[in-house]
Amino acid sequence: MASDGISVRCCIAGGGPAGLMLGFLLARAGIDVLVLEKHKDFLRDFRGDTIHPSTLEVMHELRLAEELLKLPHEKVHSLAFHAGSETFPVADFSHLPVRYPFIAIMPQWDFLNFIASKAGRYSGFNLLMEVEATDLIERDGRVTGVTAKSPTGDFEIAADLVVAADGRNSHLRALADLDLRELGAPMDVLWFRLSRVTADPPDTTLRLGAGEFFVMINRSDYWQCGFVIPKGTADEVRRRGIDSFRSEVAKLAPFASDRVAELRDWEQIKLLTVSANRLVQWYRPGLLCIGDAAHAMSPVGGVGINLAIQDAIAAANILSEPLREGGVNIEHLRQVQHRRELPARITQILQVFIQNRVLKPILRSKELAQPPFLLRLLARFPRLRRIPAYVVGIGFRPEHVRVETPRETSLPGRQRGRSSQKKA
């Protein structure tokens, strides 16, 4: 492959939720598409593992929801904050007007492998693992493809459209020199695991302490834990020592205090440097950014994956026909941004509000602060919990699949995933 060029209608850099979903939908619409994933597999821990009700609704439209939900997962029907001995319910997903009124907690690698296997049923879909887009190819002011590197060498890919779905640190976005607007975030997150036992609380929980905020996500046999710290203080936390950190975790989650010794060293604790930003313009001629490459979301609400998938659906709806005809122009790319920019902006405005009005005061407090008025209001009036449930679970302007599958492009006899994951 290193010596041969490739030509496709659409080349997608990044095999995350946005890139794979877009690749799947385009291939389903009869378009030749190539997805590049720089890692050899999808097995990376402490990624977003939430599948939101609006995404499950789309999977239902694709007639894949029931099969997807046969994979191991946990269901989150509600969310609550715990502050000392008090509990403050904040979101109730059970009333959402959807077929699956819950958030499914599923390892992201299982979800990505599932999408890749379904995309592999279509003759136009190809996924290259351990292949990374390294540069943009341009001609007369238009992006016409990418150069890529693989374990066997470098090669070029010509494409009518290049899509940057390569995450919040997007390399292609940087190469395109698109204007990025930073929104700021007052916190970072330390991620780690603790084992889970049957006697533990069943629900995903949010716990408040004195200057501390702690998230525990039920992953069946273990807890995925996020210890929120003020921005830039990770080195200070480490200097206090692992024993001090274990004590703080035990204080926030007393039921798991017998397991904090599982944290033997800092190698088990991964730092997520939180950023929130968005592009002023998501595109150039021949190039489109979607998902985190277009708008990196704060972890507040865990909605980044949902927005990335919604971007992919909108892009497929708008671009399938122009791609099929070989005529994607700047106006088509502008339509994608116009469709998806407002939901991203509104969501980020709410995230910044919660960061500044809820999280920042908690992280600055030296003693257990009084729960914010908003939490007390939601706890007192149950019907109000439907509002944050809708914002988190469905979001603003949820997308639906509008593109039909040309009969001749589907290969129902092909073994699932048989050639969907190729290496260069």
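Arg-238 pairs up with Asp-235 in a salt bridge, with 3.0 Å between the closest N and O atoms; the term covers a side-chain nitrogen of Lys or Arg within 4 Å of a carboxyl oxygen of Asp or Glu. Both residues sit in helix α6 (residues 234–239), three residues apart, or about one turn of the helix. Helices here are DSSP runs of H or I with at least four residues, strands are runs of E with at least two, and both are numbered from the N terminus. In general, an α-helix has 3.6 residues a turn, so residues three or four places apart point the same way. Arg-238 counts as partly exposed because its relative accessibility is 30%, and Asp-235, at 49%, is partly exposed as well. The cut-offs are under 20% relative accessible area for buried, over 50% for exposed, and partly exposed in between, using a 1.4 Å probe and protein chains only.

All of this comes from a predicted model, in which local features need pLDDT of at least 70 and side-chain atom pairs count only at pLDDT 80 or more, while totals for chains, interfaces and linings use all residues. Residues are numbered from 1 along each chain as its sequence is written, and side-chain values use heavy atoms, with hydrogens and water left out.

The structure holds 19 salt bridges. Another of these joins Glu-236 to Arg-240, with the closest N and O atoms 3.2 Å apart.

Contact means heavy atoms within 4.5 Å. His-295 lies in the loop between β20 (287–289) and α8, and is buried, with a relative accessible area of 1%.

As for helix packing, the axes of α2 (residues 53–61) and α8 (residues 304–325) come within 9 Å and cross at roughly 35°. Axes are lines fitted to C-alpha atoms, for helices over the stretch in contact, with angles running from 0 to 180 degrees between N-to-C directions. On the α2 side, Ser-54, Thr-55 and Val-58 meet Asn-306, Ile-309, Gln-310 and Ile-313 of α8.

Helix α11 (residues 386–393) has Ala-389, Val-392 and Gly-393 buried. Viewed down the axis of α11, the buried residues fall within an arc of 85°, so they line one face of the helix; the arc is that of the directions from the helix axis to the C-beta atoms. These residues pack against α2, β6 (86–92), β7 (103–105) and α8. After α11 comes Gly-395, with a positive phi near 85°.

Lastly, Gln-108 is found in helix α4 (residues 108–119) and is buried, at a relative accessible area of 5%. Gln-108 and Ile-305 are 197 residues apart in sequence, yet 9.9 Å apart in space, C-alpha to C-alpha.
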